[in-house]
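Here is a short tour of how the parts of this complex meet. Have a look at the model first, and then we can go through the surfaces together.

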Number of protein chains: 2
Amino acid sequence: MDNLADVIEKWILSKLSRQQDEMVVLRRNEMATELSCAPSQISYVLSTRFTVERGFFVESRRGLGGFVRIVRLPVRRLNQEEAARVVSPDASVGEVLAAIKHLKDRQIISGREAALMSYFFSALESCMTPAERVMLLRKALLAMASAH
Amino acid sequence: MDNLADVIEKWILSKLSRQQDEMVVLRRNEMATELSCAPSQISYVLSTRFTVERGFFVESRRGLGGFVRIVRLPVRRLNQEEAARVVSPDASVGEVLAAIKHLKDRQIISGREAALMSYFFSALESCMTPAERVMLLRKALLAMASAH
DNA sequence: AGGCTATAGATCAATAAAAGTCAAACAAAG
DNA sequence: CTTTGTTTGACTTTTATTGATCTATAGCCT
């Protein structure tokens, strides 16, 4: 795991963690020079790794005095409507597992929580109908979200 | 007796046992070359032998800089002993919930994880025998422990 | 103000480098 | 002989990297 994109990602993350306001302002070309890569590679990393999905917000400006500002957003909490929108009402086990992975990628649930839920839904596949499964997922997410 | 799949399995296991963190990162194509087999054979072995059921956790990425990461679930004696001691093989749902609370109090699992597990065991009370319930609890703990 | 120019980020397409999938052929066990 | 597990290779999908070209911005100069 030592490709360029990962190096850039870590470089930015370390800059971010050194700030106390969860925000950092950079210059794309300077970064590219420092990290010996094409400037567009920086854009690639920003657009694939620093997305809203993953909890970041990126702004930039071109031209003289151009910059790239990266903000780490506070972790979101799942509410009722969002829990309901996670899967369709007739979802298969595979779709439920995909939804769980999606929630993990969006950092709404942790890796351990994802593993736990995935294990339950896989192991209990045969004793539920799709409707029961979806209901269980929704209620489980809410039960978890309301835990302190 | 020692078919290719077995050879590959042993090869990975020996790599794993040489690490002290129970984790190894490999490249599928390199392995295939070294072991003189089709790359898809590696995938086959991973999906049949290195499952959560058997105590492994596999993640991978494609593309440039792709990799396969295999984690052997650390045998967290604490978890297993606690679970085994607190929950008798014929435990009721109430006893399982008490065990979960105990694990939470001892900070082996988080509040969210406890809420999640408690919800599952309550909601699924009617579709499991006590023995199944205890097994599910133990395996769920192990599945969770393997995530990071 | 209006236009020129240098600057700096955005976009897109081409290329390459992984890993995943799937089905068919094959083997071993019962 | 059937069933279950193994092996292979052709094809698919994902991810990364680069470079050429496009677009926005600020500063200057009439």
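## Around DNA strand C

DNA strand C is surrounded by 24 residues, and the closest are A:Arg28, A:Ser40, A:Gly66, B:Arg28 and B:Gly66; a residue is near a strand if its C-beta atom, placed from the backbone, lies within 6 Å of it. Two or more residues come from each of α2 (28-34), α3 and β3 (67-72) in chain A, and from α2 (28-34), α3 and β3 (67-72) in chain B. Helices (H or I, at least four residues) and strands (E, at least two) are DSSP runs, numbered from the N terminus.

By class, this surface near DNA strand C has six nonpolar, twelve polar and six charged residues. Here Ala, Val, Leu, Ile, Met, Phe, Trp, Tyr, Cys and Pro count as nonpolar, Asp, Glu, Lys and Arg as charged, and the others, Gly among them, as polar.

## How to read the model

This is a predicted model: local features need pLDDT of at least 70 and side-chain atom pairs count only at pLDDT 80 or more, while totals for chains, interfaces and linings use all residues. Residues are numbered from 1 along each chain as its sequence is written, with chains lettered from A and ligands numbered from 1 in the order in which they are written.

## Around DNA strand D

For DNA strand D, 28 residues surround it, the closest being A:Leu4, A:Ser40, A:Gly63, B:Leu4 and B:Gly63. The elements giving two or more residues are α1 (4-18) and α3 (39-49), in chain A and in chain B. Twelve nonpolar, twelve polar and four charged residues make up this surface.

## Where the chains meet

In chain B, 24 residues are in contact (C-beta atoms, placed from the backbone, within 7 Å) with 22 residues of chain A. On the chain B side, α6(B) gives the most, with nine residues. That side divides into 17 nonpolar, four polar and three charged residues.

Methods:
Two residues are in contact if their C-beta atoms, placed from the backbone, lie within 7 Å.
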